[in-house]
Amino acid sequence: MTLDNAEKHSKPCKIIIVDDDEQQANLMRAMAETAQLETEIFTNSIDFLNTAISANDIVVLDLQMPDKDGIEIMRELAIQNIKPNFILVSGFDERVLHSARQLAESKHLNVVATLSKPLKAKEFIALLSNTYTECLLEHRQQIENALSAKDTEQITIEELKLAIRKHQLIIHLQPLVCFNKKQIQSAEILLRWQHPTKGLILPDDFIPLAEEHKLMNLLTEEVLGLAINEYHKLTASGINIKVSVNLSAQNITDLSMPEKLEELVKNNQIEPDSIILEVTESALMNEISESLDILNRLRMKGFSLSIDDFGTGYSSLVKLYQAPFSELKIDQHFIMHMATDPDAAAIVRICILLAKELKMHTVAEGIETEDIWNQLKELGCDIAQGSFITEPMPTEDFIHWVKDWKMKHNNNL
Ligand code: C2E
Ligand code: MG
Ligand code: MG
């Protein structure tokens, strides 16, 4: 089936307006029509819930309705696993819209925007037409993915074990630079699976499988072996920076891990302080006493420790205080939203203050724009990582990138 045929046979994206106030609904329809966008209107939530809704549809949802309110509607759709793109509208204050968005996102529903009534026509029309274009593109992409048989759902644990044995796992490097002088501080080692038929597979598509099958010790051993090789390539090219390796929850329950790691770096003539070990905040939540034992011994052996994805794991301040981390990586969700969401910006500010009080460096990952870079620099964040600097890449490309960066910013390592 060609893409065009596939598109003809699948449903296009619909725009659905759900508002009990008929006049308000008609007004939104009229605004949409000025951008040649067709809409369907529902003034009754029961009728809306009985209609067919797809993941590519856009639902403009009024939060306050007499029979079922917007929150109940989203809850019912989430239960049925129906996840269109929501634009939430309300006459209540910003806070209500904000917490409705949080609630929706906690149920993995996609909220494109929240708007207060009365709507501003220009803003509404621009939002609707941008969202519509994005939904069409996404719809097209989904069809392309389905047609290109690049389906990662088929991955089995046997395939992953074979991949480890056949050395199909490779690593990419992403630089971390300091805000002040733009010096390159370190590189994060990020795992990829170079699959013979499915192409490059990202870690989120296979690490959960490895975790589920208790394969993380084997996988981390493979990553460390690769990291050591790439580290030697960097130093041979005159690049003397630290490398950071991600550990999983399973790695920090193996009491013999610090000794194994110490021996590994010693056998490979690498100083432990060249290695940063990243542990996610959520990995720290289980088995805390064992983890603390392991983390403390790693630190005493000279490895640096970084707490990754900080802000999403609900770990207590006590745990943060007890564990010997020297670096705090603020979760990229907050960084990506800080320009548009004042609460995300507040969390970023607090993380930076907290890290400073605890004498830790702060890293902001997921910086995609200059605007966010400037804001973080202003807030006193120490180290930056993100596509605004550059995406992760193979070591050979990384070596060239470092040379270009140093020339551009006139700095030495
Ligand atoms: P992480 O450790 O938090 O790594 C950062 C992730 O954010 C990487 O995704 C990186 O490519 C991505 N990233 C960095 N800057 C930006 C940006 O500006 N925009 C966007 N959209 N993304 C950005 P990646 O490589 O897909 O890795 C995802 C996660 O998989 C990692 O999150 C880490 O938790 C896990 N992972 C990766 N490699 C390993 C590994 O060797 N072992 C373990 N246990 N986990 C790993
Ligand atoms: Mg990391
Ligand atoms: Mg992270």
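Aspartate 308 bridges two magnesium ions, ligand 3 and ligand 2, which lie 4.2 Å apart. This is a predicted model, in which local features need pLDDT of at least 70 and side-chain atom pairs count only at pLDDT 80 or more. Residues are numbered from 1 along each chain as its sequence is written, and side-chain values use heavy atoms, with hydrogens and water left out.

The magnesium ion (ligand 3) is coordinated at 1.8 to 2.4 Å by Asp308 (OD), Asp309 (OD) and Glu365 (OE), donors being N, O and S atoms within 2.8 Å of the metal (3.2 Å for Na, K and Ca). The spacing of these donor residues in sequence is D-D-x55-E. Because aspartate 309 lies in strand β11 and glutamate 365 in strand β13 (residues 361-365), the pair ties together parts that are 56 residues apart in sequence. Aspartate 309 counts as partly exposed, at 24% relative accessibility, whereas glutamate 365, at 6%, counts as buried; buried denotes under 20% relative accessible area, exposed over 50%, and partly exposed the range in between (1.4 Å probe, protein chains only).

Aspartate 308 and aspartate 309 also approach ligand 1. An oxygen atom of ligand 1 is 2.9 Å from an N or O atom in the side chain of aspartate 308, and the corresponding distance is 3.1 Å for aspartate 309 and 2.6 Å for glutamine 332. Taken alone, ligand 1 exposes 800 Å², of which the protein buries 84% (Shrake-Rupley method, 1.4 Å probe). The largest share of the shell around ligand 1, four residues, is supplied by β7.

Notes. Chains are lettered from A and ligands numbered from 1 in the order in which they are written. A polar contact is a pair of N or O atoms within 3.5 Å; within protein, one must be able to donate a hydrogen and the other to accept it, and residues adjacent in sequence count only if both atoms are side-chain atoms. Helices (H or I, at least four residues) and strands (E, at least two) are DSSP runs, numbered from the N terminus.
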